[in-house]
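Trainee: Could you take me through one part of this protein in detail, namely the aromatic side chains and the charged pairs around them? I would like a connected account that I can follow with the model open beside me.

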Amino acid sequence: MASNLSSSIPFLLSVILILVVGTNAGGIAIYWGQNGNEGTLAQTCATGKYAFVNIAFLPTFGNGQKPLINLAGHCDPTTNGCTKFSSEIKSCQSRGIKVMLSIGGGAGSYSLSSTDDARQVATYLWNNFLGGQSSSRPLGAAVLDGIDFDIEGGTTQHWDELARFLSQYSKQGKKVYLTAAPQCPFPDAYMGAALKTGLFDYVWVQFYNNPPCQYSSGNLVKYWNQWTTSIPATKFFLGLPASPKAAGSGFIPAADLTSKVLPAIKGSAKYGGVMLWSKYYDDQAGYSSSIKSSV
């Protein structure tokens, strides 16, 4: 009995290790929409590489402005040209991929002037991209899975209220997922209050274009731990550029990511995976293919 027991211990340990590692297996989130040469939405989802696709961006909204989507060279929203993506959104969702509308961006014209403004924006998003009704849905009849907050400018106020108004629509049926892409310096200058609400499902922290907390500084893990222990979100993703050309700084070579960075952060129970900017740059560099098995 003793010999049989001792010989089975390594096997049991290996099973436990597989279970633990499997529990923290993550997915890849990708931003699509800002380059007409990155393939269609359906093609993006058909690669099998991505668990989340953020349609980027709705860069104009709030403060009395007429909301306007901008998908670069993919379509012209002023002629209802983006409604063609309705069937592609549904195709992505049929594969189990969550498709979000990303609002904001680095070069948008957006802000929230009041609580009522936040309520109006939430109503617009619900009726035009989520489960509501409108005669002018920019992406057609498809119901997106939720809203991604990529707030990098405008006001620092009322984003928490927008999150609350949007989350209330989950009571009307299909869950409205909320995601966010804050900068890695903690707390985020624009979304700090919103992220503390506990309403966000997935947070992909941008560990690029922020030298103090990105990989080259040696502080990435410290900031990762601060994010994952301080903000009550369901899962966190390591946000990275998909190639050196995708951002001013912060690119991590695939070998370093898989052998050094991911092993250091995957121990977190809130580890969700990796977010990449963007589909176009991922096509050029093949980054997701290089890291997918390790994420």
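**Aromatic rings and their charged neighbours**

Mentor: For 295 residues a compact globule would have a radius of gyration near 19 Å, and the chain has 20 Å, which agrees; the radius is taken over C-alpha atoms, and the globule rule is 2.2 Å times the number of residues to the power 0.38. Please keep in mind that this is a predicted model, in which local features need pLDDT of at least 70 and side-chain atom pairs count only at pLDDT 80 or more, while totals for chains, interfaces and linings use all residues. Residues are numbered from 1 along each chain as its sequence is written, and side-chain values use heavy atoms, with hydrogens and water left out.

The chain has 10 helices and 10 strands, taken from DSSP runs (H or I of at least four residues for helices, E of at least two for strands) and numbered from the N terminus. Buried residues make up 49% of the 295 residues; buried means under 20% relative accessible area, exposed over 50%, and partly exposed in between, with a 1.4 Å probe and protein chains only.

Now to the rings. There are 21 aromatic pairs in the structure, where rings of Phe, Tyr and Trp (its six-membered ring) pair if their centres lie within 6.5 Å, with planes under 30 degrees apart called stacked, over 60 edge-to-face and the rest tilted. In one of them, Y124 and F129 have ring centres 6.0 Å apart and planes at 75°, so this pair is edge-to-face. F129 is buried, at 1% relative accessible area.

The pair I would zoom in on is W204 with F237, also edge-to-face, at 5.0 Å centre to centre and 80° between the planes. W204 belongs to strand β8 (residues 202-206) and F237 to strand β9 (residues 235-241), so the pair ties together parts 33 residues apart in sequence. Both partners are buried, W204 at 0% relative accessibility and F237 at 2%. Around them you can pick out one aromatic cluster, formed by F52, Y177, Y202, W204 and F237.

Y177 leads us to the charges. The charged end of K175 sits over the ring of Y177, 5.0 Å from its centre; the rule asks for NZ of Lys or CZ of Arg within 6 Å of the ring centre and within 35 degrees of the ring normal. K175 also meets D201 in a salt bridge, at 3.2 Å from N to O, the term being used for a side-chain nitrogen of Lys or Arg within 4 Å of a carboxyl oxygen of Asp or Glu. This bridge links distant parts of the chain, with K175 in the loop between α5 and β7 and D201 in the loop between α6 (192-195) and β8, 26 residues apart. K175 is partly exposed at 37%, whereas D201 is buried at 10%.

K174 makes a salt bridge too, with D145, at 3.5 Å from N to O. Here K174 lies in the loop between α5 (159-168) and β7 (177-180), and D145 in the loop between α4 (115-129) and β6 (146-151), 29 residues apart. K174 is partly exposed at 42%, while D145 is buried at 9%. In total, the model has 6 salt bridges.
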